[in-house]
Amino acid sequence: MKLILIIVMTCLFSFQGVAVALNGADVALYNDSTAPYYKGVWQDGLIAIKNMLTTLGITYEEINYNDINFSNQDFSSLYKVILIPGGYAWYYNYWISKTGKERIRNFVNKGGGYFGICAGAYFAVDRVVWGRKVYDDIVGFNAYGELTGYDLDLFSGTGTGDEDKIADYYAGNWTMLAFDFGNENTVLSNYKKVPYSEDIIYLGGPYFTADAGASVSVLATYAYNGQPGIVSFQYGSGRVVLSGPHPEIEEDSNRDGVAINGEETMNDNGSDWELSGHILNWLMNSANSQPLATPSKQEVFSFQPIENFIKSSNPPEVKPVGVGTVAAGGSTLRINLGLNKFSGAVDIYFGIYAEALDPVNIYILKPDNTFQTLSAGLVPWKSNTAGPINDSLFGEIPTSSLLSGTYDLYLMVTPNNNQDNYYLWSTYFAIP
């Protein structure tokens, strides 16, 4: 009877959403070992990550699903990066609620970093292919009775597990794989001169296929098939790195504190911790925190449709207008606007032109979020502001409610009360 009572109390405790007071650190390290069942985090990988972070001089604090789901503390003020280790991604979906996933998205969108390793990468993608089956937003019920699946959706694309061609995942057959690093990029600048190859231990991790319109940098590809194995991208104001292999494991050293099955026969020809250090440094020190210079000349930029805006301190790299899933032919329009803070006060203008609606006029968004024609006057949407800007306009709009045609979107920034100099960005979306 006493044993039954303990089990019942343990289950009640986990479902009631008890979150402890968090202190903050460089990295929030996810650990679900307190779950009464369905424990997803691979604990050996967690130990290796802790030893790696300590060696790299990066502080961490463990958080669990209750902290993510129910804590009333602001993660953006506590952490720079959320790190989700390897393990079993479906159990992450089981314990982290829809509210918790929204919290993770908001953390990254506001400028935080996300590092997903193996299962942590699967957890972040839009859809998963495993054993030739596709798992998307609805897979089953989570611990809170919500229909859920792979709906964190930081990565607009697919994570594919190629377990049949590389190694037997279910037998736990770890293997060393070669990864090719062929592109210069800001994530791994000053790491090694490209092109080069690096051996990293692997078991069941994904390769990544980005949806059309998604802006993704491929850091490394699987040497055996050329598919992306480590990728990085912006998500709102934040940054994300997803890794199929396990760079936290040291095959030729005991300093990771774990022994992997068959490790004595493997050698990665050097540590991967330096690679992880460069990734974490990029995630923790976002260029998005640097201000944009106030316009001093007339500059015009255009870009293809993207789902979420991309911030930068360099105007040509800025893509300040996202349009939701319609960017890749999806069924939802969600106009989201984002800009870094500015070095001085600016005025911001937003306009729409749709020939199907009005072949003559561009419509300008006013401060009260209503529109007037450009011919009636160029009025700023936001005036005398230094930013930053993180706004979503009009909520989610089904594309079925829109007329067919191309919709052109414009965002212009000028110095406050001075339209002589400006940045003008333009993009579009199309309704078939």
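This is a predicted model: local features need pLDDT of at least 70, side-chain atom pairs count only at pLDDT 80 or more; totals for chains, interfaces and linings use all residues.
Let me start with Pro 388, which sits in the loop between β22 (382-385) and β23 (389-398), where helices (H or I, at least four residues) and strands (E, at least two) are DSSP runs numbered from the N terminus. Residues are numbered from 1 along each chain as its sequence is written, and side-chain values use heavy atoms, with hydrogens and water left out.

There is another cis bond to show you, the one from Val 194 to Pro 195, with omega near -5 degrees. Pro 195 is found in the loop between β10 and β11, and Val 194 lies in the loop between β10 (175-181) and β11 (196-202). Val 194 is buried at a relative accessible area of 18%; here buried means under 20%, exposed over 50%, and partly exposed in between, with a 1.4 Å probe and protein chains only. If we set aside neighbours within four places in sequence, Val 194 is in contact (heavy atoms within 4.5 Å) with Phe 181, Gly 182, Asn 183 and Glu 184.

The loop between β10 and β11 also holds Asn 190, which has a positive phi of about 70 degrees although it is not a glycine. Asn 190 counts as exposed, at 77% relative accessibility.

Let me step back to the whole chain. The secondary structure comes to nine helices and 25 strands, and buried residues make up 51% of the 432 residues. How does the radius of gyration agree with that of a compact globule? For 432 residues a compact globule would be near 22 Å, and the protein has 23 Å, which agrees; the radius is taken over C-alpha atoms, and the globule rule is 2.2 Å times the number of residues to the power 0.38. Taken along the principal axes, the C-alpha atoms fill a box of roughly 75 × 60 × 40 Å. Of the contacts with a separation of 6 or more, 69% are between residues 24 or more positions apart.

Now to the charges. Side chains of opposite charge can pair when their charged atoms come close. The count here comes to 10 salt bridges, each being a side-chain nitrogen of Lys or Arg within 4 Å of a carboxyl oxygen of Asp or Glu. One of them joins Asp 26 and Lys 80 at 3.6 Å, N to O, and this pair links distant parts of the chain, with Asp 26 in the loop between α1 (2-15) and β1 (27-30) and Lys 80 in the loop between α4 (75-78) and β3 (81-84), 54 residues apart. Asp 26 is buried at 16%, whereas Lys 80 counts as partly exposed at 39% relative accessibility.

Arg 105 and Glu 102 meet at 2.7 Å, N to O, and because they are three residues apart in helix α6 (residues 98-109), they are separated by about one helical turn. In this pair Arg 105 counts as buried at 16% relative accessibility, and Glu 102 as partly exposed at 36%. A further bridge connects Glu 250 and Arg 255, at 2.7 Å, N to O; Glu 250 is buried at 1% relative accessibility, while Arg 255 is partly exposed at 40%. Finally, Lys 98, Lys 101 and Asp 151 are linked in a network of salt bridges.

I will end with Ser 232, in strand β14 (residues 228-235). Is Ser 232 buried or exposed? Ser 232 is buried, with a relative accessible area of 2%, and, not counting residues up to four places away in sequence, Ser 232 touches several residues, including Val 187, Val 216 and Trp 282.
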